[in-house]
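Hi,

Here is the structure I said I would pass on.

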Amino acid sequence: MSSVTKPGLEDDDYQGEEANLALIFDRYKDRFTSFPKEKGWMTEDLYKYQGFWHQSKNVVSVETVMATQDTFQALPTDIYLATLPKSGTTWLKALVFATANRNMYKDKPLSAHPLQTSNPHSCLPFVECEVLRTSPTYVNPHSPRIFATHMPYTSLPQSVLDSGCRIVYMCRNPKDVLVSLFHFANKLRVNSHDLMTFDVAFEMFTKGVIPNGPYWDHVKGYYKVGLEQPKRLMFLTYEDMKMDTAKKLRRLAKFVGYPFTEEEEAKGMVEEIVSLCSFENLREVNKDGALSIGIPNQAFFREGKVGDWRNHLTVEMSQILDQITKEKFHGLDLITSACM
Ligand code: A3P
């Protein structure tokens with residue numbers, strides 16, 4: 001029942017990954033450097049590939065997407081957690097990791113749980129990073145592999161599309177994604193004279209120029225698959241998850257094949273996982289240290305709220321984004337739920 005992974009990459013693994021990233025960059029650079037290019041948020045450039053903007057020289061990047069498409073083999077039992085950056089990826093990773101692996105830790109003290117010492121990103125990998133690994137992340141052939149991804153639906157490797165495996169998508173209000181991305185990018189920009197202004201961030205976002213964006217195309221791609229194939233794709237919103245985390249976690253657990261039993265319900269297992277993965281707990285656990293790729297752990301935990309955009313967007317900015325959302329999501333009931 002458990003999904004074995006390696007919480008926390010060893011330094012040696014990371015050195016191997018860095019070397020592999022350089023090799024992959026060299027292999028694909030002649031192709032992607034001819035693609036349309038824009039200035040990046042966290043990386044120097046963004047390249048447009050298959051209709052979406054991707055970072056480069058990064059573990060989740062145009063070159064690792066291309067390499068993943070060329071080499072990754074999905075299994076029908078795999079589970080993919082798809083998101084746009086800043087839509088709740090870290091939280092979703094934590095919830096699914098804790099749920100899928102709960103039997104492994106149930107008789108141990110809470111302090112022994114990997115999420116009490118490691119960033120969720122070190123517990124559950126991005127599929128885009130598998131091409132960098134010297135050995136595969138998942139070593140137990142009897143349990144489903146669980147990967148996260150920022151890839152748009154239409155860019156997923158053919159084997160993922162063909163395998164019929166389950167996908168969970170989490171979407172977040174675009175205005176909160178913009179604000180979250182703005183703060184995250186500035187945290188990673190080491191020189192203060194390099195800091196982005198919110199006006200520039202807003203303009204890039206409205207043009208669709210964000211890592212893995214345009215926002216609207218990414219969300220719509222997965223949303224439509226969820227409508228057509230609800231058994232295959234579960235569509236969640238950050239806002240709904242915030243409103244009633246326990247209720248949504250029960251549905252999520254069932255969808256990914258780890259439903260809570262009556263006995264577990266009676267013991268308060270659902271609430272335990274909700275609390276383990278709460279913003280407050282994860283922020284405290286991750287207040288120090290950094291991922292092996294150098295991003296400080298605390299950068300993934302800022303406010304954790306719905307509607308912080310009200311503190312950043314002018315009325316005019318909000319109206320412009322609402323208008324774009326209305327146009328892009330025309331005919332989809334997404335407009336009335338999380339996205340405005
Ligand atoms: P804010 O910047 O609005 O606070 P991602 O994980 O996709 O990078 O998204 C990061 C956003 O999710 C940040 O939003 C972060 O604070 C929020 N977040 C991280 N962990 C969370 C949790 N356990 N519960 C709710 N929100 C969380």
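To start with the ligand: how far does a polar side-chain atom of Thr90 lie from an oxygen atom of the ligand? The distance is 2.4 Å. Please keep in mind as you read that this is a predicted model.

Gly88 has a backbone N or O atom 3.1 Å from an oxygen atom of the ligand. Phe279 also brings in a backbone N or O atom, this one 3.3 Å from a nitrogen atom of the ligand. As for cover, the ligand taken alone exposes 560 Å², and the protein buries 98% of that.

If you want to see who is around it, 19 residues surround the ligand, and Lys86, Thr89, Thr90, Ser180 and Glu303 are the closest. Sorted by class, that shell has 8 nonpolar, 7 polar and 4 charged residues. Two helices, α3 (89-100) and α14 (279-285), each supply at least two residues of the shell. The one that gives the most is α3, with 3 residues.

Next, the second largest pocket. Rolling a probe the size of a water molecule over the atoms shows where empty space is left. The volume of this pocket comes to about 360 Å³. It is lined by 18 residues, and those closest to its centre are Arg102, Tyr105, Lys106, Met269 and Glu272. Its lining divides into 8 nonpolar, 3 polar and 7 charged residues. Both α4 (102-105) and α13 (269-276) supply at least two residues of that lining, and α13 gives the most, with 4 residues.

Side chains of opposite charge can pair when their charged atoms come close. A search of the whole structure finds 12 salt bridges. One to look up is between the side chains of Arg250 and Glu271, at 3.5 Å from N to O.

Last, a couple of backbone details. Most residues other than glycine have a negative phi, and most peptide bonds are trans. Where would you look for a cis peptide bond? Go to the bond from Gly213 to Pro214, where omega is near 10 degrees. Pro214 sits in the loop between α8 (198-206) and α9 (215-228). The other detail is Gln50, a residue other than glycine with a positive phi, near 50 degrees. You will find Gln50 in the loop between β2 (45-49) and β3 (52-55).

Cheers

How values were computed
Residues are numbered from 1 along each chain as its sequence is written. This is a predicted model: local features need pLDDT of at least 70, side-chain atom pairs count only at pLDDT 80 or more; totals for chains, interfaces and linings use all residues. Side-chain values use heavy atoms; hydrogens and water are left out. A residue is near a molecule or strand if one of its heavy atoms lies within 4 Å of it. A polar contact is a pair of N or O atoms within 3.5 Å; within protein, one must be able to donate a hydrogen and the other to accept it, and residues adjacent in sequence count only if both atoms are side-chain atoms. Accessible areas come from the Shrake-Rupley method with a 1.4 Å probe; for residues, only the protein chains shown count as cover. Ala, Val, Leu, Ile, Met, Phe, Trp, Tyr, Cys and Pro count as nonpolar, Asp, Glu, Lys and Arg as charged, and the others, Gly among them, as polar. On a 1 Å grid over the protein atoms alone, a cavity is a set of points where a 1.4 Å probe fits but cannot get out, and a pocket is an open set with protein on both sides within 12 Å along at least five of seven lines; lining residues have an atom within 4 Å of a point. Grid points are joined across faces, edges and corners, and a volume is the space filled by probe spheres set on the points. A salt bridge is a side-chain nitrogen of Lys or Arg within 4 Å of a carboxyl oxygen of Asp or Glu.
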